[in-house]
Amino acid sequence: MSKKSVVLNNTETYLISSRNVNDDFKIDVSLPKGYCESNEKYPVLYVLDGNRNFAIVAGTAGLLHTGMDAPKVIVVGIGYKTDEEHAKFRSRDYLPTISENLEYSGGASKFLSFLEEELIPNIESNYRVDVNRMLAGISYSGLFTMYTLFNKPSLFTHYLIGSPSMYYDNEVIFRFEEEFARKHNDLEANVFLSVGTLEAGFDMFPGMVSNVEKLSKILESRKYNKLKLSTCLFENETHFSVMPATFSRGIRELMGE
């Protein structure tokens, strides 16, 4: 039997070589139904951990539009050439500080520059997009999404943050939040923050639920006029079972019509 490749409908896939990260990234672009027959502009949903999450998000986004729960969107999956590279280098790109316990870490600032200076201009020069950009991530990539929120909030209009690994490096992300709050009086962003309640029992992911609750209270206490924050605790969901629910609810909450 000949080897078959599985390709999603209306999807384009290519590699982008990044000078900031000094690596190649696999980019999957899912175009909404009717894209080629119209002149319409669309929001863009950038999803991290693309090797794992792109197909889930592309399918979910299409289903939500079918039910009139969300508009048509262009979904951009940001991944790696192979699943092995994804497992190896996601810590390099998503974690903001260096850990002696990991082979790769601390490259979040370089990866953020890749998004800002290389990927987003590429997408916006090749596809019809409107002003709305969403960044979506879960776990390590959820931490990176939060890192982006506190370091370059204007780069995206919407932030979908699921089960963020805020325990990393002695909860360093809270220091990024404090630094942002010292320098800014407002935070203009639409944020969906979530976690599964059963994640509280995962010893390998300490403080997952309590940290989400803690950060939600902190952000509410800042009284940012332009921040729209929705926090959701999914009952009886684990760190892995919560992923589809997070994307579905998050897209609907952030971009729902």
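I take contact to mean heavy atoms within 4.5 Å. Helices (H or I, at least four residues) and strands (E, at least two) are DSSP runs, numbered from the N terminus. The model is predicted, so I note that local features need pLDDT of at least 70, side-chain atom pairs count only at pLDDT 80 or more, and totals for chains, interfaces and linings use all residues. Residues are numbered from 1 along each chain, and side-chain values use heavy atoms, without hydrogens and water.

**Helix 8**

I looked up helix 8, residues 242–255. Its 14 residues reach 20 Å from first C-alpha to last, close to the expected 20 Å (1.5 Å times one less than the number of residues). I then listed its buried residues (under 20% relative accessible area, 1.4 Å probe, protein chains only). Among them are Val242, Phe247, Ile251 and Met255.

**Cores**

I define a nonpolar core as buried Ala, Val, Leu, Ile, Met, Phe, Trp, Tyr and Cys residues joined through side-chain atoms within 4.5 Å. The largest has 63 residues; Phe150 is one of those touching the most other members. Helix 3 (residues 108–126) gives the most to this core, 8 residues. A second, separate core of 23 residues includes Phe247 and Ile251.

**Glutamate 188**

I found glutamate 188 in the loop between helix 6 (173–183) and strand 7 (189–196). Glutamate 188 counts as exposed because its relative accessibility is 55%, and exposed means over 50%. Not counting residues up to four places away in sequence, glutamate 188 touches Pro153 and Lys226.
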